[in-house]
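I opened the notebook to look up how aromatic rings pair in this structure. The entries below follow the order in which I checked them.

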Amino acid sequence: MNKNKTIFSKTFTPVLAVAILIIGVYIIFNHHYVLKILRDNVVTAYEEQMINRRNRMESQMGRGFSALNDNGEQITKKIESLVKESGKTLGQIENDVQLNQNILINITDEVLYTLKISGATEVFLILDGLSSYGNPDIRAGVYVRNNEAGSYTYDDKNLLFERGIPAISKTLKLPLDTFWQPGFLFDKEEGNEYFFKPLNEAKKGESQDFKDFGYWSFGNIVDEKDTGILTYSVPLIGSDETVFGVIGIGINESFLMRDYKYSERENDESRAYILAKALDEKTFKPYAVKGESYSKASILEKNIELGDEKEGIYYLETNYPSKTEVCLNRRDFRLYNYNTPLHQSNGFLLECKDVTSFFQNIIL
């Protein structure tokens with residue numbers, strides 16, 4: 001009996017050990033395989049949502065882009081006609097205050113129409129000429145804001161007059177905003193690229209098609225305390241090749257990112273959406289951010305540097321809201337339909353989220 005037991009033990013124990021080992025390896029392998037599938041599913045959902053967000057924002061930009069390109073030529077022709085009726089030339093816009101005021105009074109209706117068909121929150125037309133004889137740095141122009149983009153009342157009560165002479169505001173019954181000024185002060189080009197970039201590039205004379213000089217930029221136009229504006233602007237080029245101004249539309253950051261919910265997939269608020277411009281392949285300059293628990297100032301104060309990519313996600317250390325590791329995904333915008341003299345790196349939509357919260361349902 002003992003002999004049989006010994007034989008059984010010698011035979012069964014190794015088999016049992018091997019079986020346990022195989023089962024253990026299988027469980028470990030299967031566990032990691034399941035975790036990988038779960039992780040991949042989270043990342044896939046993450047990327048699909050980013051694509052949808054990017055596409056929605058791109059659609060909004062594209063509508064403004066198309067409206068401006070479609071109506072810009074008509075506005076240019078009307079200004080040429082107004083100048084001709086005055087017995088003057090487009091070149092006289094530079095120094096003729098009265099001519100500029102007459103142009104703006106008679107063209108603002110067309111400018112407002114551009115705002116209405118663009119779905120944008122802002123529209124501006126700036127002449128490369130004097131607003132008054134007192135300060136040569138102040139350009140003549142109009143700037144109107146729609147507080148309720150996408151909707152309009154018959155009496156335009158949702159519109160605010162940001163820039164332009166009071167006569168236009170009174171004629172169109174547009175209320176003056178708190179940031180109102182009679183013209184555009186351009187004492188330097190930095191920060192005013194939306195005007196100088198398309199204007200100066202068009203003056204080089206490489207093309208007469210204003211669409212070739214369309215320019216996207218982001219900044220504060222009416223006041224540093226105002227909300228950030230994503231703008232698209234094109235030069236005004238006469239039939240005699242005179243470049244005499246710029247017209248553009250703008251979308252404020254609140255409206256642009258209005259549908260972005262930082263807690264849409266989970267109940268925590270560790271997510272942030274960031275609108276940025278690529279400086280190189282892995283360096284981004286952030287312009288706008290939407291995220292509850294993130295300090296806007298801390299994100300915008302310096303460039304975002306990405307490390308190596310791991311399975312579609314970048315990981316980086318941050319100090320906002322506290323020192324922690326976040327995962328980040330990026331999607332580029334197709335802001336330019338073709339190469340132009342001002343073609344540059346497209347904008348990017350970045351989304352970052354605390355790593356622990358992002359994979360909170362998976363044991364890594």
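I worked from a predicted model, in which local features need pLDDT of at least 70, side-chain atom pairs count only at pLDDT 80 or more, and totals for chains, interfaces and linings use all residues. Residues are numbered from 1 along each chain as its sequence is written, and side-chain values use heavy atoms, with hydrogens and water left out.

Entry 1. I looked up the number of aromatic pairs and found 11. Rings of Phe, Tyr and Trp (its six-membered ring) pair if their centres lie within 6.5 Å; planes under 30 degrees apart count as stacked, over 60 as edge-to-face and the rest as tilted.

Entry 2. I looked at Phe124 and Tyr143, which are stacked at 5.9 Å centre to centre with 15° between the planes. Phe124 belongs to strand β1 (residues 122-130) and Tyr143 to strand β2 (residues 138-146), so this pair ties together parts 19 residues apart in sequence. Strands are DSSP runs (E, at least two residues), numbered from the N terminus.

Entry 3. I checked burial (buried is under 20% relative accessible area, exposed over 50%, partly exposed in between; 1.4 Å probe, protein chains only). Phe124 is buried at 0%, and Tyr143 is buried at 0%.

Entry 4. I then turned to Phe218 and Tyr287, a tilted pair at 5.4 Å centre to centre, with 35° between the planes. Phe218 sits in strand β6 (residues 215-219) and Tyr287 in strand β10 (residues 283-290), 69 residues apart. Phe218 is buried at 17%, whereas Tyr287 is partly exposed at 23%.

Entry 5. I noted one aromatic cluster formed by Phe124, Tyr143, Phe184, Phe186, Tyr194, Phe195 and Phe196.

Methods:
Helix = DSSP H or I, 4+ residues; strand = E, 2+ residues; numbered from the N terminus.
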